[in-house]
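Morning, everyone. I have one structure to walk through today. Please look at it on the screen first.

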Amino acid sequence: MSSSDTWSTPSNDALVLSLVSPSPTGVKPLGHSFHPKFTYSIFGESEEIFGYQNLQINLRYNATDMRPHLSVAYSKKFPAVGDTEATDINGTLRDYLPEVAFQKKSDFETAITNLREDWTPPGELATTLRTSDSTFEVWKGNLADPAVKQIVRRLQILVPLFIEGGSAIPMDEPEDDRWTVFFLYQKKASASDPSRASYVFAGYCTAYRFFHFRPPTPPLSPSDRSLDDLTLGGNFDLALLPCRTRISQFIIIPPFQQKGLGPRLYNFIFNQYRKHPATVELTVEDPNEAFDDLRDIVDLHSLRQMPEFQALRINTDITIPKTGPAPRNIVDRAAWEAVRARAKIAPRQFARVLEMHLMSRLPAPVRPGISLAEEDGEGAEKKAPLPRATREQQHEYRLWRLLAKKRLYKHNKDALGELDIEERIPRLEETVSSVEFDYARLLIKAEEQEKNLGLDRPVIGNGKRKAGAGEDGEESVSKKARVDDA
């Protein structure tokens, strides 16, 4: 009974989160409770809590204003022996929850019962998203609004719980207005009064605006500008300066995952900033693999709505030299950069999505893809063999691989530089094959999500030829995760 194993509880299992709403008898749960994905940043790498038996940590949120309440229950607590004592759960969680979370249960229930019936999320209504059975609204505000800041403070613990490596954003900086927050809420009409509605929190996204200063091109001479032009004075609005906007946190909580809400929320945010005159580029802070998929697919759909993007082609008139550097302008670089700048996508992300799109346009005999028959097993339908590739088709495919290879070499230059010359080419070839497989997988997924995104233009082509995936199926080292969605 005194062994350490008996007194240890997995923290991911012990912590239970739920949404609740007031009821005549106190509070009632809304939907199913859920557990965190990660607790190592709170309770240590082992994700174990020592000192309790039958431990349960309940973190309840009022479904509207996300007011939290923490309660801890257990059957036995380890009696301290010297320096060995039970984990101080409340003390540990005080670094992640506002003080209001530690109030008495009765105070929590009184507070959420007294919340006004016409409550709406803070900020302004930005858009409405409809699914087959629900209505969701996106509300937009910034941290300069005390009501927005209050909810974000209450939500900060969700970041380490659901985003691997995620951390809270600074809440007390003088330039709070640089932080834009998008709240996603499910809107439910009242059964007794159709004119009224209640809100249930479903997720949120934060984005930060970095000022992007660039010298004039060409530089202006002193005679071309007056002293007044060089002075930022009076009522000049700093929000009008060019900026890069970076998505920092993106969470759809588990009860609302697998409904296509993540892609639709990202798509809305992306289009918001594309229309924002001051934003030069929209980036994402250290995305994890799940968000990379979401982002690639939505960006592909979005770019395919642009005729200029559709017009980008592989220049098959280019001759591939037997030795020397790879040819330039496999795709017209001037047109490439013009489309990228208009789309406001970061260079590497744009290059990846363009490669994926151009791969989908390769002739069927050379187009990399995933064999559905191989993936599904013996019962899968067998497809007719593809015709033999012509010399022209093989040439186009080799140009596509060179295009991808040039980007990957630049991206992994330091790692490849540590290898012997004889090893670099095979390793780069493996990486390109891995990227082919990943693009084929994403193109299939893009077709599946097309209806969820509400876009009309079809995703074109994915072949049935199995592509080699390399050792780990990645194009570089693994990334830190800052974003979570399913």
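Let me start with a cavity. Its lining is I247, Y266, F270, L282, V284, R295, D299, I345 and Q349. The elements that give two or more residues to that lining are α7, β14 and α8. Helices here are DSSP runs of H or I, at least four residues, strands are runs of E, at least two, and both are numbered from the N terminus. This is the largest cavity, with a volume of about 30 Å³.

A pocket is an open set with protein on both sides within 12 Å along at least five of seven lines, and lining residues have an atom within 4 Å of a point. Grid points are joined across faces, edges and corners, and the volume is the space filled by probe spheres set on the points.

Now the ground rules. This is a predicted model, where local features need pLDDT of at least 70 and side-chain atom pairs count only at pLDDT 80 or more, while totals for chains, interfaces and linings use all residues. Residues are numbered from 1 along each chain as its sequence is written, and side-chain values use heavy atoms, with hydrogens and water left out.

How confident is the predictor? pLDDT is its confidence in each residue, from 0 to 100. The protein chain averages 84, and 83% of the residues score at least 70. Two stretches need a flag. Residues 220–236 have a pLDDT below 50, with 3 contacts in the model beyond near neighbours in sequence. Residues 455–486 are also below 50, and that stretch has 126 such contacts. Contact means heavy atoms within 4.5 Å. Where pLDDT is low, the predicted coordinates should not be read in detail.

Next, the annotated sites. UniProt, in an unreviewed entry, places a "binding site" at F250, I251, I252 and N288. These residues span 39 residues in sequence, yet no two of their C-alpha atoms are more than 14.3 Å apart, so they gather at one spot. UniProt positions are in the numbering used here, feature names are shortened, and annotations may be inferred rather than shown by experiment.

Take F250. It sits in strand β13, residues 243–252. Is F250 buried or exposed? F250 is buried, at a relative accessible area of 0%. Buried means under 20% relative accessible area, exposed over 50%, and partly exposed in between, with a 1.4 Å probe and protein chains only. N288 lies in the loop between β14 (279–284) and α8 (289–303). N288 is buried too, at 10%.

The unreviewed entry in UniProt also carries an "active site", at E285. E285 is in the loop between β14 and α8. Its relative accessibility is 14%, which counts as buried.

On to the second largest pocket. Its volume is about 610 Å³. It has 24 lining residues, and the closest to its centre are P22, T64, E117, A197 and S198. Two or more lining residues come from each of β2 (15–23), α4 (105–113), β11 (179–189) and β12 (197–211). Which element gives the most? That is β12, with 4 residues.

Now the core. A nonpolar core is a set of buried Ala, Val, Leu, Ile, Met, Phe, Trp, Tyr and Cys residues joined through side-chain atoms within 4.5 Å. The largest one has 116 residues, and I57, L93 and F183 touch the most other members. Helix α15, residues 421–453, supplies the largest share, 10 residues. Leaving aside neighbours within four places in sequence, I57 contacts residues including A14, L15, F43, L70 and L93.

Most residues other than glycine have a negative phi. N54 is not a glycine, yet its phi is positive, about 55 degrees. N54 lies in the loop between β5 (52–53) and β6 (56–62), and is exposed at 63%. Q258 is not a glycine either, and has a positive phi of about 65 degrees. Q258 is in the loop between β13 and α7 (261–274), and is exposed at 66%.

Technical notes
pLDDT = per-residue confidence, 0-100. 1 Å grid on protein atoms, 1.4 Å probe; cavity = no way out; pocket = protein on both sides within 12 Å on 5 of 7 lines; lining within 4 Å.
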